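Work through the exercises below with the sequence and the coordinates at hand. Each task is followed by a solution in steps.

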Amino acid sequence: MTMQALVQVLASGLLTGLIYGLVAVGLSLIFGLMDVVNFAHGEFLMLAMYATFGLVMVSGLDPVVLMPLVAALMFVLGGTVYVGVVRFAMRARANQGMVQIFATFGLATLLQGVAQYLFTPDYRSLSNSWLGGKTLDLGGIFLPWPQIFGALVSLAAFGGLFLLMTRTDFGRALEATREDQGAVALVGIDCNRVFALGWGLGAALVGLAGAVLAVFYYIHPGVGGAFALIAYVTVALGGFGSVFGALAAGLIVGLVEAATALILPPSLKSVGVYALYLLVVLVRPQGLFGRL
Amino acid sequence: MAGTTITAAPTGSLPLDESARRFTAKRRRSLYVGAVVFAALAALPYAIRDVYLQNVLVLTLLYAALSQSWNILGGYCGQISLGHALYFGIGAYATSILFVNYGITPWAGLGLGAVIAALVALAIGWPCFRLGGHYFSIATIVIAEAGLLLVQNWDFVGGAMGVQWPFNPDAWATLQFAQDKVPYVHLALGLFVATWLVTYGVAESRWGYGWRAVKDDPAAAQSLGVEVFRSKMAAAAISAFFTAIGGGLYAAYVSYIDPESVMSFRFSLLFALPAVLGGVGTLWGALVGAVILIPITEISRSYLGGTGSGIDLIFYGALVMIVSLARPEGVLSLFKRTRKARNAEI
Amino acid sequence: MLRRREILAAGALALAGLGSHRAIAADEVVVGVLYALSGASAQNGVDARRAFETALDVINESHDLDLPAAKGVGLEGLGGAKIRLVIADHQGDPQKGRAEAERLITQDKVVAIVGAYQSSVSATVSAVCERYGVPFVCADSSSPSLTRRNLKYIFRPAANDEMFSAAMFDFMDGLRKQGTAIDSVALFYEDTIYGIDSSNVQRKLANERGYKVAADVKYKSNSPSLTAEVQALKTAGADVLLPTCYTNDAILLTKTMGELGYKPKAMIAQAAGFSEKSVFDAVGERLQGLISRASFSLDLAAKRPSVGIVNDMFRKRADRDLNDNTSRQFTAMLVLADALNRAGSTDGAKLRAALAATDIPGTRTIMPWKTVAFDAGGQNPDATPVLIQYVGTKFVTVFPKSAAVAPAVWPMNA
C-alpha cells in the first residue's frame, strides 16, 4: 500500500466518521435527556432518506435545498413518536428499561413494514443531484463532494447544537430536565413538552444525516440496520448523552474502521471498531465523555 | 414483578409458621400445575397431526425454553443481555461440527456446546458486569456481532457457507427425524422443563434471592452481604448453558446452519421478547409469551407474507409495540390480577 | 391503489382459509413458490412473482408460442388443468424456508416447489422436498453444491456458479488469443454463500489458466461504506475486476469507484446486482461497458419471436425487462409444466421421473441454452451461459460466438 493510498483511506475514514457522528448524535441526545435507547433510530434514518427521495421526485429541487424541510418533517415525526409511543413506555411502572427497548423495537419493525408497503422493497437511489458523483481531486487523493458536504453539515449541526444547548432557554430547559425532572416540574417547565421537543430535535438531526446520505447511498426499507449498529457503538463509545462524545466517537469509529480494513480482511473491518469500543468501556465504563 | 410477590409471601401479619406453610403449599401447587401443563404439552403433538402446526409447536416450545434461559439472567438478575445469539450460535456450531465433521453424536455436541457457552459467558461477564444498564446491553450486542463476524470468516467451521447436516435415517442417536415432528416437540419440551425446573429450584434459593436483590438495588444488595458479582456470573453461566443446548437442538432440527441464520441480532431479541411479553422474572412468563408470540409470528408470515407488501411486518411490529406498552408487567399479570380480584370478592 | 386493495383482500382470504386445507379443484394443479418477500432481497421475490405470473399466463391460456405448454388452455397432459400458485415468504432464513416448504407440501398439497434464490434456503427446501418425495425445481440458486448431495428430487435447469465463471474465463482466454493483454484479475465478493462459492471457483480458474489474482477482497455485505475496499482494488490495479454482489452493494461499489476515481479496464460481474434494473437506474452511466454473465439475452428476440413476446408480457406486469433471475424463474415454471404434461399425473414419483427425462431443445425456450436435460444430480449441464455487455441503455450479447451480436468493447471505457 502506497503512502497516497494510506492518506486516501484515512481521509475517507475522517469524512465517514463525521457522518457517523451526525447519524449518532440524535440517539445520544435523546438518551441523555431521558435515559431511553431508541431502537428505531435506524428506521428514523431510513424514513429521512425516503423523505428526501420523495421530495426530490415531487419538487424536482436538489436534496441540498430540501434538507431543512426533511429535518422539519423528521422533527414532527420525532415529537409524534414521543407523544404516541415513548410517553407510554415512560409511564410503565414495571420493567421500564425492557418496555422501552421492545416498544421501540416494535416501532422499528412497523416502520420497516410501512416503508415496504408504501415504497416497495426496490432499491432507490438519487441520481442527477448537484453534488452526486462529483469528486474533489487533491493530487490523487479523491474526496467525494457529497461526503465533504455531509461532513460540513455534521460540523455545522454539532456547532448549532452546542449553541442551542448553551445559549437558549430551550437548551437550558433540556439540560435542566436531564439533571432533575422533579425539580424542573416544580419551576413550571412541562417535562412532557421538553421531552417531545427533545425527540423532535433528535429526529431532526438524524433527518439531516438521512438527507446527506440519500445523495450518495442507496435507499431501501432495511437500510437503517447497518447504520443503527454503528450509531449504538458510537454513542456508547462517546458516552451516552454526551453530544461532544458522539462527534469524537464518530470520528474514531470512522478512522478505526478504515484503518482496520488496511490490516485485516475488509470483511472484518468492524471487528477493529468493536474491539476498540470494548477496550474503552472496560477502562471507562461510562464511555469517553459520558457521565455515570 | 409477579415473581417477586412470591418472595413477599411471609408477611408480618401472619404467624411465621403459618406464612411459611402457605408459602410451601404455594410452591408445591406450582409443581402440580407444572406437571399437568407439561403432560398436556407432551400429549399435544398427538392431537395436532398437521405438520405445519407441529412445526409451530416445536418453535414455540424451543423459544419458550430459550426465553426461560434468558430470563434467568435478564429477568431474575436484571442484566438485560441482547447478545444471547452468541451462546445460541456456540451450541449450534459445536453440535453441528462434532456431528458433521467427526461423526460424534449430537448429544455430545449439546453438552460440549453448553459447557463452552457457559465458560464464554463467564469470560464475558468478568469484564462486562461492571457496566451498568444500557452500557451492558450495548456491550452484549457488540460482542455477539463480533462473534458473528469471526464465525463468518472462520473457515474451519465452514465460514459463510455454513454446515449442512447429511441425510440420516430417523434415530434418537443422531437427533434426525425426516418427517416426524413429535420427537422434536418432546426435545424442545424437555429443554423447557429443564429450564423451568432450574428456575423453580433456584428462584427461592439463596442465589435467587441474591439475583432479585441485585436486580432491584445492587448497592443495597452489596451492603446486605449479597455477592453481587458472583451472583451475576452464576446467572450468566446457567443462562448461557441452556441457550447453547437450545442452539444445538435448533441446528439438529433445521439440519443446516450458517452464521446469519443462527447468530444474527434478531435472535438475541427473539430470546428476550417472549419473557418480556409474558412477564419478566416469572416462572411462567416465557412460556405464556412464546405461546402468544411465536404462533402469531409464524402465521402472519405464512398467510400475510406472500404478498411482499410488508403488511406482515406492520402487523408484527404493531403487536410487539402494543403488548409491551399495554402490559409492562407482561401478559401474565392479567391473570394474577383477576385471581387477586376474585379472592377479594370471596 | 387497486393493487393494495387486492393485497388486503388476498390477506383477508388467506386468514379466512387459515389452517383449513383448501379444497383442490379437480382441474387445478397447485405449485408452491418460495422467495424472500421481506428483507434485503424482497424486490427479487416481488419480481419473481411477476415472472411466475407471466409463466402461468403462457401455460394456462392459449398462446401461439413455440414454448413448452404454451399452446392450448391449461396442461394438456392433465386434461387442461390449470396451474395455481401458492406463494410463501421465507425471509431469506433457511429455517423459515424449511417450515414453509413443509406447509406448502402438507397443507396446500403442492405437486412441486419452485424457488428459492438464496442458496442457503434452497439447501433446506430441497432436503424437505426429498423427504416428502416432491420435486423441487431450483430456478435461480447457483451454488454448485446443491446438485451434489445425491438428492433425487432437485432439478436445476440453469447454470451453476462453476459454469458461469468458466464462461467468463473462456471469454478472457478468447481475447488473449486475439492478442489482448489480460494478466491479472481482482476478486471482489461478499461474505455469503453466494460470494464465497463464486470466488472459490474464480480463484481456482484464475490459477489454472494463468491469471494473476492481484486482489482478493472479501467484504461484509450491507456495509455502510466500501471506501477502504475500493481503495484496495484501485491499488492492486488489476486488468479485470470480477465483482460478486447483490443489488445494494452493486450500487454502493459503483458509486464508491466513481468517487475514488477508480476505472478498471474491464468488469465482468457475477450477475445478481449487476443485472438489476435499480442498479442501472442509479449508476448506469458509470457502468458503460460492464460485462455480466447471464442466463438470458434479449438479443435472442431477433432470432426467436417468443423471447420478445414473453418479455413484453413480463414488462406489462413488472415495468422492466426480463433479466438473469426473472428469465430463469419463468423458464423453471415452463420446464415444470412440460414435465407435468408428460407425466400426466401429479404424483411425486411420476413427476420426478418425467422431470428426469426432460429433453427440451434450447430453441423451444427463451434461453440461449443448448438443451434442457438433467444429469444424475439434477443439474442441466447444457445451460450455456452467455456474457452480456451494457452499452448505451441496453445489454448486448458478446459471448459465446453462437449467441453474440457484437464484439465486446474492450477496455470497457474505450
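**Exercise 1. Which two strands form a hairpin in chain A, and how many residues lie between them?**

Solution. The model is a predicted one.
Step 1. The hairpin is made by β1(A) and β2(A), with 2 residues between them.
Step 2. In the turn, A:Gly139 has a positive phi of about 55°.
Step 3. β1 covers residues 135–138 of chain A, and its pairing with β2(A) is antiparallel, over 4 bridges.

**Exercise 2. Assign the residues of β2(A) to a covered and an uncovered face.**

Solution. 
Step 1. In a regular strand, side chains alternate between the two faces of the sheet.
Step 2. β2 of chain A runs over residues 141–144.
Step 3. A:Phe142 and A:Pro144 make up the covered face, while A:Ile141 and A:Leu143 make up the uncovered one.

**Exercise 3. Are α1(A) and α8(A) roughly parallel or antiparallel?**

Solution. 
Step 1. Helix α1 of chain A spans residues 3–34 and helix α8 of chain A residues 191–216; their axes come within 8 Å and cross at roughly 170°.
Step 2. Angles over 145 degrees count as roughly antiparallel.
Step 3. The two helices, α1(A) and α8(A), are therefore roughly antiparallel to each other.
Step 4. On the α1(A) side the contact includes A:Ile19, A:Leu22 and A:Met34, and on the α8(A) side it includes A:Phe195, A:Trp199 and A:Val212.
Step 5. Sorted by class, this contact between α1(A) and α8(A) has 18 nonpolar residues, 3 polar ones and no charged ones.

**Exercise 4. Describe the fold of chain A as a whole.**

Solution. 
Step 1. Chain A contains 11 helices and 2 strands, in the order α-α-α-α-β-β-α-α-α-α-α-α-α along the sequence.
Step 2. A compact globule of 292 residues would have a radius of gyration near 19 Å; the value for chain A is 19 Å, so the two agree.
Step 3. The C-alpha trace spans about 60 × 50 × 35 Å along the principal axes of chain A.
Step 4. Of its 292 residues, 61% count as buried.
Step 5. Among contacts between residues at least 6 apart in the sequence of chain A, 76% join residues at least 24 apart.

**Exercise 5. Which element of chain C gives the largest share of the side that touches chain A?**

Solution. 
Step 1. The contact involves 32 residues of chain C and 35 residues of chain A.
Step 2. Elements of chain C that each supply at least two residues to this side include α2 (42–60), β7 (212–219) and α8 (247–259).
Step 3. The largest share, 7 residues, comes from α8(C).
Step 4. The residues on the side of chain C that touches chain A divide into 12 nonpolar, 14 polar and 6 charged.

Definitions and conventions
Residues are numbered from 1 along each chain as its sequence is written. Chains are lettered from A and ligands numbered from 1 in the order in which they are written. This is a predicted model: local features need pLDDT of at least 70, side-chain atom pairs count only at pLDDT 80 or more; totals for chains, interfaces and linings use all residues. The radius of gyration is taken over C-alpha atoms; the globule rule is 2.2 Å times the number of residues to the power 0.38. A residue is buried if 20 or more other C-beta atoms lie within 10 Å of its own, exposed if 12 or fewer, and partly exposed in between; C-beta atoms are placed from the backbone. Two residues are in contact if their C-beta atoms, placed from the backbone, lie within 7 Å. Ala, Val, Leu, Ile, Met, Phe, Trp, Tyr, Cys and Pro count as nonpolar, Asp, Glu, Lys and Arg as charged, and the others, Gly among them, as polar. Two strands pair if DSSP finds at least two bridges between them. Axes are lines fitted to C-alpha atoms, for helices over the stretch in contact, and angles run from 0 to 180 degrees between N-to-C directions. Angles under 35 degrees count as roughly parallel, over 145 as roughly antiparallel, 65 to 115 as roughly perpendicular and the rest as oblique.
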